[in-house]
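Please look through the sequence and the three-dimensional structure below before reading on. The paragraphs that follow lead you through them step by step.

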Amino acid sequence: MSHASSLNSWSDALSGFNLGWFPLGLVIVAAIPLVFIALYALTYGVYGERKISAFMQDRLGPMEVGPWGLLQTLADILKLLQKEDIVPNAADKFLFVIGPLVMFVGSFLAFVVLPFGPAFIGADLNVGLFYAVGIVALEVVGILASGWGSNNKWALYGAVRSVAQIVSYEIPASIALLCGAMMAGTLSMQQFCVAQSGPLGLLHWYLFSNPIAWLPFIIYFISSLAETNRAPFDIPEAESELVAGFFTEYTGMKFAMFFLAEYGSMFMVSGIISIVFLGGWASPLPNIGSLALNDMTSGPAWGAFWIIMKGFFFIFVQMWLRWTLPRLRVDQLMYLCWKVLTPFAFIAFVLTAVWEIYK
Amino acid sequence: MNQLTISIIFYVFAAVTVLSAAFVVFSKNVIYSAFALLFTFFGVAALYVFLSADFIAVTQVVVYVGGILVLLLFGVMFTNTIMQTELKADVLHVVPGTILLLLMIAGMLYTFYTTGDWMPGQAQLQGSVVQRVGFETMSRFMLPFEMASIVLLVALLGAAFLARYDKAHKNEH
């Protein structure tokens, strides 16, 4: 592999950078995903969601602040910063405060193993994919803490629904990702991308090179919607039943933390699906004869471009679905998970194993 | 990363683990105890990382935080009058308790000093740990692995049977 020599070179160099005894490089490596989440949630997340929903409903969306309403989200952030930070009297103060923090940390920790291109990754763990799936557990505890701490029946119902949903959908999601791990023969996020990059561009991606990969791909996509509480699986925050679910009582920056966490995990699941099935930072363009399009569009900077674009594409699909599909009832949700997705995930698992042995 | 940074990070995680574990035991509020367990489990996972056991560390987070802790919290939250119950976190039998504690510590230290090999292993880990774990599970530890899965399956069937909507029983009433 031509990438192998330069793999992780930027992040390795950065993490080795010390200012005296202080490991400044390590702090910067950790800060890069944080800044990325904040910037992307501010621009693409909030503004994009409002604009996309507006276009879906034949409206214009925010138009007043700045050209095409571009500065609207900045104005929103200023408003959120100035809002009073209300802690209800009857709430459990400690759990109420710690809930959004634990949830945000849970969604942010997964970014450790997300490769931003071939030269940059927080930590190239050999259990990367397993870690990214498992660390979501922290988010679940954060949701429970905020739901219970609010001392509000809507919040508690929202938290319980959300946790039941996340814990259930983890099963088909993990089995679908296991199919991808079988195809690549590794759990390291960088090795997934390396295994799917090559001169033929997107023909090397598992979704197009493996005849079974579409089944775990679809199963994981549906499950990832449920894991991030996105429509059509947004019963934890169903406005018509539960006001706003587990964050009913929150105001100001704590409320913003929930949104940062949600947009953070939206990008994370989009990143995971692009890495496992769509080549991650690998360029989609093939080399055509002497016109080496693939070589021209590969490299550290191009890699970052491709993986962020793939992530944004899936986030666009998530938003598109949110404004198109009605939400499922609780029993329909559980039916879909246990009686449809899980059996099909097992079928995909067996088929992938057979294909990997006899191909 | 220099040695000082590693030591500082290690002691931070060790302190988090021990202090939160103490909080679990001494807290008078069941909910707080359950949430403090999160930090204990997480600290233990971090200590596994210091032992170069990445796979065990992630498994610790998945099984204990994602499974057991969530189950525990659900159990606590769905129990009626959980907040009214006063937990006893006082010391009741000082002398027998102290003797038992000292005996246990002495036993553990004795075992550590006689059987434990405190020198770090010379053999370095080569390649992916996950691959080795997979091979060992599917070859040498096949029987324990299958036994564990059968026990889990039986537990699953039992839980499904207990939680089942009993149609015949419902019609009688």
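Which residues does A:Val127 touch, not counting residues up to four places away in sequence? A:Val127 touches A:Leu187, B:Asp54, B:Phe55, B:Val58 and B:Val130, where two residues are in contact if their C-beta atoms, placed from the backbone, lie within 7 Å. Before going further, note that this is a predicted model, in which local features need pLDDT of at least 70 and side-chain atom pairs count only at pLDDT 80 or more, while totals for chains, interfaces and linings use all residues. Residues are numbered from 1 along each chain as its sequence is written, and chains are lettered from A and ligands numbered from 1 in the order in which they are written.

A:Val127 itself sits in the loop between α4 (93-109) and α5 of chain A; helices here are DSSP runs of H or I with at least four residues, strands are runs of E with at least two, and both are numbered from the N terminus. With 22 other C-beta atoms within 10 Å, A:Val127 is buried. The term rests on a count of other C-beta atoms, placed from the backbone, within 10 Å of a residue's own: 20 or more makes it buried, 12 or fewer exposed, and anything in between partly exposed. A:Phe247 lies 120 residues from A:Val127 along the chain, and their C-alpha atoms are separated by 33 Å.

Chain A as a whole comes to 15 helices and 2 strands. Its radius of gyration is 21 Å, close to the 21 Å that the globule rule gives for 359 residues, so chain A is as compact as a globular protein of that length. The radius is taken over C-alpha atoms, and the rule is 2.2 Å times the number of residues to the power 0.38. Along the principal axes, the C-alpha atoms of chain A fill a box of roughly 65 × 55 × 45 Å. Of the 359 residues in chain A, 49% count as buried, and among its contacts between residues at least 6 apart in sequence, 78% join residues at least 24 apart.

Chain B has 7 helices and 0 strands, and buried residues make up 15% of its 173 residues. Of the contacts in chain B with a separation of 6 or more, 53% are accounted for by residues 24 or more positions apart. One of its helices, α6(B), has 22 residues and reaches 32 Å from its first C-alpha to its last, close to the 32 Å expected at 1.5 Å a residue; the expected span is 1.5 Å times one less than the number of residues. This helix is hardly covered, since the count of buried residues among its 22 residues is 0.

Where the two chains meet, the contact takes 23 residues from chain A and 21 residues from chain B. On the side of chain A that touches chain B, α5 (128-134), α6 and α7 of chain A each supply at least two residues, and the largest share, 7 residues, comes from α6(A). By class, that side has 19 nonpolar, 4 polar and no charged residues, counting Ala, Val, Leu, Ile, Met, Phe, Trp, Tyr, Cys and Pro as nonpolar, Asp, Glu, Lys and Arg as charged, and the others, Gly among them, as polar.

In soluble globular proteins, nonpolar side chains tend to be buried together. Here the largest nonpolar core has 124 residues, and those with the most contacts inside it are A:Val141 and B:Val65; such a core is a set of buried Ala, Val, Leu, Ile, Met, Phe, Trp, Tyr and Cys residues joined through C-beta atoms within 7 Å. The largest share of this core, 16 residues, comes from α7(A). The residues that B:Val65 touches include A:Ala137, A:Leu138 and A:Val141.

Two loop residues of chain A deserve a look at their backbone. A:Asp58, in the loop between α2 (24-56) and α3 (72-82), has a phi near 60°, a positive value in a residue other than glycine, and is exposed, with 6 other C-beta atoms within 10 Å. A:Asn151, in the loop between α6 (136-149) and α7 (153-184), has a positive phi near 55° and counts as partly exposed, with 16 C-beta neighbours inside 10 Å.
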